[in-house]
Amino acid sequence: MFKKGQRGVEWLINLRWIAVVGVLLVTFISDKFLNINVEHAALYLIAIPLVALNFVYIFLIRRIRANPLSKPFAVNYLINIQIILDIILLTIFLHFSGGVENPFIIYYIFHMIIASILLSKKNSYFITTFILGTVGLMVFLEYFEILRHYPLHGFVDGNFYQNPKYLIGTGFIFVTTSYLVVYMTNTVTEKLKQREEAYKNANIQLKEKDKIKNEYVFQVTHDIKGHISTIKNLLDAASVLKNDEKKTEFIRRGIDRTTKLADFVNELLRITKLRLNHKLEMAHFPIREIIHEVEANFKLEAEKKNIHFKVQLDANAGEVFGNKFLLEEAVSNIVQNAIKYTSDGGNVELSCYRVDNVVGIEVSDTGVGIPEDQLTMVFNEFFRADNVKKMEKDSSGLGLALVRKIIQKHEGEIKLDSKLGEGTRIALLIPSFDPHKHHEGVNLK
Amino acid sequence: MKKILIVDDSQDMRDSLQAILEENGFETITAYNSESALKGLAEGKPDLILMDVMMDSEQEGFEIVNELKSKKEYSDIPVIIVSGIEVFTCSQAAAEIAIEMRKEFEYHNMNVIVLKDALGNTGIDYISEQNGKSIFLNVKGFHAKPVVPERLIDLINKFI
């Protein structure tokens, strides 16, 4: 705002140089070519205060700019002073060249427009009223011959300055035009200001998003680098080891790490793809298909850990509408976490039910649980709760983020309930299939 | 045989560093966090420590070194930081400017500054996550992961 005001002052100063040239030129032409009989000397003299004041303004704006403690209202004062002095000088100019009879009286409009652009609404109405008052005073003083009238002989003949009908008519038009101009200019300026503000806000938001994206890239790169460093060192070790058995072991560990890295990159790609791709192939299918599939896939893993894996499927669970592979992946991720973070002998239960038009898939376990202060963060990308970080070093922190993205794509909801040391319950709630609402192949956002 | 303590939370890292160092004629002991590091130190003073940074907490390695430097019996053990964290490296002469610079918002990611002097000595200045204060660590070197075995061995041989 402050900077804009300073530019406004400079703009006025530049306009004033043009005005000086204009005054001299118009006076010269009317004197030498048009033979209009007015006080040319007085008109030429008007240029002197205009030039002098312009130098003063230049000096003042330089001082304001050089002083870091300058207040924005200093610039506002300067603009007001300039406009008011210009109005007075223009009035003097008109007084010596026919007063109300001089068509240049229309030039006050410029001051009104400039005030509307550079100053507040209230301030621009004040300037306009000041102009009308000044002009009114000049007309009044000339009408009653308190001030001498300098007629524009050879241009306007006839004493319009003392013709009440002419004065009232012209006055009415001048006053209404003035206020309308100020009103319109203010409206346009305000709209421009609003738009500018909107652009500024959009820009700030973009910058914020860019920052988040950069941090994301940083995190991904860091994680990938961690895996690569380890793989490299495992292979370095394998290459220097003389014992064949040990050599093979390090190579095998290098391969394991490479698999982990590949899995991480795959998960990352899947999340990115989900984010970029607004189109998902959707179809309706019975939810039990997913439950059976997941049950079959994790039975063995649970048995290995001696975990009691129970599956409960309501007969009326019915159908859902969505992408089967993605939904299965979401359920698998949750069951896998449940088994991973439940100790030997614990319980994991997968249940599926339907309430009205919502199908719920619930996974509960008697595992380590999630610290209460971190409950809201577990679905964030790369987030890993403190307690599981200690249990498993190299997990990606992407699994639950992927689940969230998938459920979002299905316009579903996730409910999370957990107690540290006692267990976790996660419910995925998905709208059930509705033939009126869901159509094969529909794109979801 | 010179003894080296390896502190790193990744078992793969520990084991491979151990294998590399042992093949190069060093004796090694390992630790995976501050507790086990102190335990390892109590069992016999090593000639040098290789220290990771991000373990159970983000700055655990720095905190361990800080603690060791304050203890008379361990303060003289040379420490080399081996980590994948992002650092800003500059000369000792530019240290003041760098430390001043990171107070500005644009450089707030410059948390860890590795300072090197003309003789190749190294120090680390980092902003503590606990209290936001700038802490100086007198360490012998900083080796960025992934470890390059020959270079790390050269660095170790400089000090023991």
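In this predicted model, 18 residues of chain A are in contact (heavy atoms within 4.5 Å) with 20 residues of chain B. Local features need pLDDT of at least 70 and side-chain atom pairs count only at pLDDT 80 or more, while totals for chains, interfaces and linings use all residues. Residues are numbered from 1 along each chain as its sequence is written, chains are lettered from A in the order in which they are written, and side-chain values use heavy atoms, with hydrogens and water left out.

**Where the chains meet**

- Chain A and chain B bury about 1,800 Å² between them, with 55% of it on carbon and sulfur atoms; buried area is the accessible area (1.4 Å probe) that two parts lose on being put together, summed over both.
- Five salt bridges (a side-chain nitrogen of Lys or Arg within 4 Å of a carboxyl oxygen of Asp or Glu) are counted between chain A and chain B.
- One salt bridge links A:Lys242 with B:Glu23, whose closest N and O atoms are 3.0 Å apart.
- On the side of chain A that touches chain B, helix 6 (164–240) and helix 7 (244–276) of chain A each supply at least two residues; helices (H or I, at least four residues) and strands (E, at least two) are DSSP runs, numbered from the N terminus.
- Helix 6 of chain A gives the largest share of that side, eleven residues.
- Sorted by class, that side of chain A holds eight charged residues (Asp, Glu, Lys and Arg), along with six nonpolar ones (Ala, Val, Leu, Ile, Met, Phe, Trp, Tyr, Cys and Pro) and four polar ones (the others, Gly among them).

**The sheet in chain B**

- Four strands of chain B form an open sheet in the order 5-6-7-8, with mixed pairing; two strands pair if DSSP finds at least two bridges between them.
- Strand 5 (88–91) and strand 8 (134–137) of chain B are at the edges with a single partner strand each, so one side of each has no neighbour in the sheet.
- Strand 7 (residues 122–127) of chain B pairs with strand 8 of chain B in the antiparallel sense over four bridges, and B:Tyr126 has B:Ile135 of strand 8 as its bridge partner.

**Strand pairing in chain A**

- Strand 2 (residues 308–313) and strand 4 (residues 347–355) of chain A pair in the parallel sense over six bridges, with A:Gln312 opposite A:Ser351 of strand 4.
- Strand 4 of chain A also runs antiparallel to strand 5 (residues 358–365) of chain A, joined by eight bridges; here A:Glu349 has A:Ser364 as its bridge partner.
- Two residues lie between the strands in the hairpin of strands 4 and 5 of chain A, where A:Asp356 takes a positive phi near 50°.
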